[in-house]
Amino acid sequence: MAIRSRTRKRSSHDGVLRLIAVFKFLKAATLIATGIGALKLVHADLGTLVQHWVAMLNLDPGGRLVNHAIQKVTNLSPHRIRELGIVSFIYAGLFLAEGTGLWLQKRWGEWLTIIITGSLVPVEIYETIHRPTALKGLVLLMNIAVVIYLIVRIKREPSS
């Protein structure tokens, strides 16, 4: 009987691990798409492309935020765009490793997630304070919750 209740308890935790893994896989997919998009833009005429997007989305090109975004994007050098694409792929690889370890319910995946996610929390706090958005706040809270959950899980359950 004790084995049965332990199995149920473990399977609910396994579901949480899988949910966190899916979150990591979604982040990886987003970063892969971002990396591909960035690399496709290396030799593009960004000014023309941004004007097209502004017109397509019916944005006011004279608006303060849109104008600021246009200036930022058009001032990116091909070298900087390439760097952004490469960094996107590196982070995607880290998220894929975390997600795979969690999906397979491996202790190394839990530790890797604690280390990587925990190390990025201070950067996310800084970004959320200096450039707050609801999405940044939500991602920050989710990442803190993931780290706390995994630390508690590791302390409670001996490694298998």
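In this predicted model, Leu 46, Gly 47, Val 50 and Val 54 of helix H2 meet Val 66, Ile 70, Val 73 and Thr 74 of helix H3. Sorted by class, the residues in this contact of H2 with H3 are six nonpolar and two polar, with no charged residue among them. Helix H2 covers residues 46–56 and helix H3 covers residues 64–74, and the two pack with their axes 9 Å apart at an angle of about 155 degrees. Because angles over 145 degrees count as roughly antiparallel, H2 is roughly antiparallel to H3. The crossing in which H2 passes H3 is right-handed.

Val 73, which lies in helix H3, is partly exposed, its relative accessible area being 28%. When residues up to four places away in sequence are not counted, Val 73 touches Leu 46 and Val 50. The C-alpha atom of Val 73 is separated by 12 Å from that of Ala 44, the two residues being 29 residues apart along the chain.

The largest nonpolar core has nine residues in all, namely Leu 17, Ile 20, Ala 21, Leu 102, Ile 114, Val 146, Val 147, Leu 150 and Ile 154.

The largest share of the core, four residues, comes from H6. Leaving aside neighbours within four places in sequence, Leu 150 is in contact with Leu 17, Ile 20, Leu 102, Glu 110, Thr 113 and Ile 114.

Methods: Residues numbered from 1 in each chain as written. Predicted model: local features only at pLDDT ≥ 70, side-chain atom pairs only at ≥ 80, totals over all residues. Heavy atoms only, no water. Core = buried A, V, L, I, M, F, W, Y, C linked by side-chain atoms within 4.5 Å. Buried < 20%, exposed > 50% of the residue type's maximum accessible area, 1.4 Å probe, protein only. Contact = heavy atoms within 4.5 Å. Axes fitted to C-alpha atoms, helices over the stretch in contact; angles between N-to-C directions. Parallel < 35°, antiparallel > 145°, perpendicular 65-115°, else oblique. Left-handed = near helix turned anticlockwise from the far one by under 90°. Nonpolar A, V, L, I, M, F, W, Y, C, P; charged D, E, K, R; others polar.
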